[in-house]
Amino acid sequence: MLKYVILIIGFILLIKGADFFVSGAASVAKKLSIPTIIVGMTVVAMGTSLPELAVSTVASFNGSNEMAYSNVVGSNFFNILVVIGACALFAPVVVHKKTMKKEFPFSIIITVLLCALGMIGMKVGRVDGLIFVIIFIFFIVFMVKSALDNRKAEKILSNNGAEDESEVQDNLPIWRCIIYIVGGAAAVAFGGEMVVNSASDIAVSFGMSQTLVGLTICSIGTSLPELVTSIAAARKKDVDMALGNAIGSNIFNILFVLGIASVVRDVAVTSQNIIDVILLTAVNIVVWIFCRTKWKIDRFEGIVMIAVYAVYMVYICIR
């Protein structure tokens, strides 16, 4: 009974924490003239991926390599299909051409890299983990540079009298932004951990394997922050942040979460893991095509994406 109570409390922390986090992050983005998609790919993505980092790192320390690897792969499946798909149900997810040319293809490339490294030696070793972490550092530097370039452009527009005063006046005071971001991130992290731990205990009691728990209960549980944060952003019409959060979280999961986990201890890769990553790559490419067709993901495409995820869940449960 206690496990179910903890599960409910965790959900409450996730939902309310995500709402506050989005409000604070969006306000900071406006104050600093940073595009919300960049905030979504960095601050929000890393904040909502804290549960994945905690679960995979602890799993690696404990020698539960299957859990560490499958948690990342399963979370990325959930992010690309359910998180973006669910956001499209609330509002069309408009896609910027820059995102399609740089960040989205980058997430596909590192997914292919994960598959290739896994096939070589059937493990992700410490050297592979260090490579992932180094690539992640370069990615963050690139995003910061993009933010600074955007601020410079916004400053020029401001000097030319193109600043939107009404938007500035609607921003939260900086002290409240800090409280919202820090408090929201803490609630999301603790809520995600509570949900995963209680749900995993319940699942294991039913005799589920470590890989299946990682791909289902753990991956869904640790991705709930991305889901509720992105839906909260979509409801506030910050669809840029919703898309950026999903893509940024996938990048963060592979490069940093799995990178740190494999630095701690070599992460073994099974043939089923390889199949899952190949399917993940294919799904990413399909969603990329969806985005390219009309430069947005509409409600119908969102429903299709959620349906594909449901089919994948059935597949991994019966295989």
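**View 1. Tyr-4 in helix 1.** Tyr-4 is part of helix 1, residues 2–31. Helices (H or I, at least four residues) and strands (E, at least two) are DSSP runs, numbered from the N terminus. Tyr-4 has a relative accessible area of 44% and is therefore partly exposed; buried means under 20% relative accessible area, exposed over 50%, and partly exposed in between, with a 1.4 Å probe and protein chains only. Tyr-4 and Ile-202 are 198 residues apart in sequence, and their C-alpha atoms are 8.6 Å apart in space. This is a predicted model in which local features need pLDDT of at least 70 and side-chain atom pairs count only at pLDDT 80 or more, while totals for chains, interfaces and linings use all residues. Residues are numbered from 1 along each chain as its sequence is written, and side-chain values use heavy atoms, with hydrogens and water left out.

**View 2. The whole protein.** The secondary structure consists of 13 helices and four strands. Of the 319 residues, 53% are buried. Where contacts (heavy atoms within 4.5 Å) join residues at least 6 apart in sequence, 87% of them join residues at least 24 apart.

**View 3. The nonpolar cores.** A nonpolar core is a set of buried Ala, Val, Leu, Ile, Met, Phe, Trp, Tyr and Cys residues joined through side-chain atoms within 4.5 Å. The largest one holds 73 residues, and Tyr-69 and Val-287 have the most contacts inside it. Helix 4 (residues 65–90) contributes the most to this core, with 13 residues. Apart from neighbours within four places in sequence, Val-287 touches Ile-80, Leu-81, Phe-104, Ile-297 and Met-305. A second, separate core has eight residues, including Val-55, Ala-59, Ala-203 and Val-213.

**View 4. Asn-71 in helix 4.** Asn-71 belongs to helix 4. Its relative accessibility is 0%, so Asn-71 counts as buried. With neighbours within four places in sequence left aside, the contacts of Asn-71 are Glu-52, Val-55, Ser-56, Gly-214, Cys-218, Ser-219 and Thr-222.

**View 5. Helix 6.** The 17 residues of helix 6 (residues 103–119) should span 24 Å at 1.5 Å a residue, and the end C-alpha atoms are 25 Å apart, which agrees; the expected span is 1.5 Å times one less than the number of residues. Buried residues in helix 6 include Phe-104, Ile-108, Leu-114 and Cys-115. After helix 6 comes Gly-121, with a positive phi near 85°.

**View 6. Salt bridges around Asp-266.** A salt bridge is a side-chain nitrogen of Lys or Arg within 4 Å of a carboxyl oxygen of Asp or Glu, and by this rule the protein has three. One joins Asp-266 and Lys-123, at 3.3 Å from N to O. Asp-266 lies in the loop between helix 11 (239–264) and strand 3 (267–268), and Lys-123 in strand 2 (residues 123–124), so the pair ties together parts 143 residues apart in sequence. Asp-266 also forms a salt bridge with Arg-126, the closest N and O atoms being 4.0 Å apart. Arg-126 lies in helix 7 (residues 126–159), so this pair ties together parts that are 140 residues apart in sequence.

**View 7. Asp-298 and Lys-294.** The closest N and O atoms of this salt bridge between Asp-298 and Lys-294 are 2.6 Å apart. Asp-298 is buried, with a relative accessible area of 17%, whereas Lys-294 is partly exposed at 45%.
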